[in-house]
Amino acid sequence: MENYISGTVGAIHLLTAVIALIAGTAVLLLKKGTRTHKRWGYLYVIAMIPMLVTSFMLYNLFGHFGIFHFAAIVSGLTLVGGMLPIVTKRPKTNWMAYHFSFMYWSVLGLYGAFFSELFTRIPETPFFGMVAIATGMVFGIGGYVFKKKKAIWFSRFVA
């Protein structure tokens with residue numbers, strides 16, 4: 001089990017990642033703007049923060065800063081990009097669309113990380129090949145859905 005969790009830091013990382021996956025899924029499925037949506041959304045953000053922090057404490061894969069640390073930086077930026085419009089209510093005309101877009105991609109990034117981790121656990125498969133397949137599938141499907149639904153979703157955000 002040590003190979004999967006990597007001590008206390010790994011356990012915190014895993015626990016907060018699972019909480020973020022559940023909360024992020026709930027946020028995507030719930031009606032937007034409700035009290036329930038907001039509560040699950042804040043739980044997502046609160047879980048993502050320690051998950052991202054602990055990701056920079058895990059070096060057992062390569063022994064140094066690696067591609068997944070870069071992905072954690074991108075993930076942190078999408079999280080901040082999604083929360084800034086909530087806090088500032090800017091830009092005035094379409095801050096909700098910015099919030100939705102960044103948070104959608106933030107949750108998709110978490111799904112990508114989850115499936116990458118899952119696919120690399122398949123015995124005798126190429127590590128980076130499986131990461132590429134998992135990430136490509138998640139972002140391919142998620143991007144397709146985003147492109148197809150974007151006009152409908154954003155029409156709800158027009159002030």
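1. The model is a predicted one, in which local features need pLDDT of at least 70 and side-chain atom pairs count only at pLDDT 80 or more, while totals for chains, interfaces and linings use all residues. Residues are numbered from 1 along each chain as its sequence is written, and side-chain values use heavy atoms, with hydrogens and water left out.

2. The backbone at K89 deserves a careful look, for K89 has a positive phi of about 55° although it is not a glycine. In the loop that holds P91, between α4 and α5, the peptide bond from R90 to P91 is cis, with omega near -5°. As background, most residues other than glycine have a negative phi, and most peptide bonds are trans.

3. K89 is partly exposed, with a relative accessible area of 40%, where buried means under 20% relative accessible area, exposed means over 50%, and partly exposed is in between, with a 1.4 Å probe and protein chains only. On the surface, K89 gathers with R35, K38 and R39 in a patch of positive charge. Patches are made of residues with over 30% relative accessible area and no salt bridge, like charges being joined within 9 Å and nonpolar side chains (Val, Leu, Ile, Met, Phe, Trp, Tyr) within 5 Å. Lys and Arg count as positive and Asp and Glu as negative, whereas His and the chain ends are not counted; the place of a charge is taken as NZ of Lys, CZ of Arg, CG of Asp or CD of Glu.

4. Accessible areas come from the Shrake-Rupley method with a 1.4 Å probe, and for residues only the protein chains shown count as cover. The largest share of this nonpolar patch, six residues, comes from α4.

5. Helix α5 contains H99, which counts as buried at 16% relative accessibility. Not counting residues up to four places away in sequence, H99 touches G82, P85 and I86, contact being defined as heavy atoms within 4.5 Å.

6. W105 is likewise found in helix α5, and W105 counts as partly exposed at 28% relative accessibility. Leaving aside its neighbours within four places in sequence, W105 is in contact with F139, G142, G143 and F146. By contrast, W105 and G10 are 24 Å apart in space, C-alpha to C-alpha, and 95 residues apart in sequence.

7. F115 lies in helix α5 too, and at 30% relative accessibility F115 counts as partly exposed. With neighbours within four places in sequence left aside, F115 is in contact with A134 and V138, while the C-alpha atoms of F115 and I133, which are 18 residues apart along the chain, are separated by 9.1 Å.

8. The loop between α5 and α6 (127–155) contains E124, whose phi is near 55°, a positive value in a residue other than glycine. At 85% relative accessibility, E124 counts as exposed.

9. Finally, I152 is found in helix α6 and counts as partly exposed at 45% relative accessibility. The C-alpha atoms of I152 and T36 are separated by 22 Å, the two residues being 116 residues apart along the chain.

Methods: Salt bridge = Lys/Arg side-chain N within 4 Å of Asp/Glu carboxyl O. Helix = DSSP H or I, 4+ residues; strand = E, 2+ residues; numbered from the N terminus.
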